[in-house]
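Welcome! Open the viewer, take a moment to turn the view around, and then follow the stops below.

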Amino acid sequence: MTRRPALAVLAAIGALAAAGCGGSDSGAGSASSSAAELSVEAAYMPQPVSDSMAAGFLTISNEGGKADALTSVTSEAGEVTLHETVDGTMKEADRLEVPAHGQLVFRSGGNHLMFEKLRQQPEQGQSVAVELHFAHSDPVTVELPVKAATYRPADGHSAHSEHTGH
């Protein structure tokens with residue numbers, strides 16, 4: 001029984017990888033290093049403390065030789081906007097760059113997804129699905145597990161400890 005879900009996941013990953021390899025502007029002999037190769041990891045949403053707003057965090061890695069840009073995020077959970085923090089000030093962003101051979105990191109105190117007008121308040125143990133839309137790559141669907149409101153990832157993708165008292 002446990003092999004079937006694993007095989008289904010592997011088949012879905014393979015289909016997504018194959019879908020990302022071709023594009024209407026790519027020639028038959030194009031090398032994968034000339035395109036963005038996106039993957040998402042470390043996704044989560046702290047349990048919202050507000051009935052109508054929440055934040056989401058994740059890391060988008062690009063192993064390819066071409067940069068891309070995250071242009072929007074959609075979710076059945078509510079309206080989602082991109083936010084960046086510049087010189088200590090949060091502001092909405094129309095797009096955020098995903099550099100070639102680099103990462104776009106969303107973390108507490110920095111870039112983040114802002115959920116507004118939540119249709120229901122997500123609770124710890126649930127997941128919230130989002131679809132990431134890019135300038136050049138196909139959309140990517142990601143599940144953000146809802147963690148404790150005080151959750152901080154151990155991988156260093158959180159703000160400095162001076163801001164954890166909020």
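## A short tour

**Stop 1: a loop residue.** Start by selecting Glu123 and showing its surroundings: leaving out residues up to four places away in sequence, Glu123 touches Gln47 and Val146. You will find Glu123 in the loop that runs between β8 (112-116) and β9 (127-134). Is Glu123 buried, exposed or partly exposed? Its relative accessibility is 48%, so Glu123 counts as partly exposed, since that class covers values between 20% and 50%.

**Stop 2: the whole chain.** Zoom out now, and keep in mind that this is a predicted model. Colour by secondary structure to pick out one helix and ten strands. Following the sequence, the pattern is α-β-β-β-β-β-β-β-β-β-β. Of the 166 residues in the chain, 33% are buried. Among contacts with a separation of 6 or more, 70% join residues 24 or more positions apart.

**Stop 3: a strand residue.** Select Ser61, which sits in strand β2 (residues 53-62). Ser61 has a relative accessible area of 5%, so it is buried; the cut-off for buried is under 20%. Which side chain makes a polar contact with the side chain of Ser61? Show Gln103, whose side chain makes that contact at 3.1 Å. Beyond neighbours within four places in sequence, Ser61 is also in contact with residues including Glu37, Leu38, Ser39, Glu41 and Gly102.

Technical notes:
Residues numbered from 1 in each chain as written. Predicted model: local features only at pLDDT ≥ 70, side-chain atom pairs only at ≥ 80, totals over all residues. Heavy atoms only, no water. Helix = DSSP H or I, 4+ residues; strand = E, 2+ residues; numbered from the N terminus. Buried < 20%, exposed > 50% of the residue type's maximum accessible area, 1.4 Å probe, protein only. Contact = heavy atoms within 4.5 Å. Polar contact = N/O pair within 3.5 Å; in protein donor to acceptor, adjacent residues only side chain to side chain.
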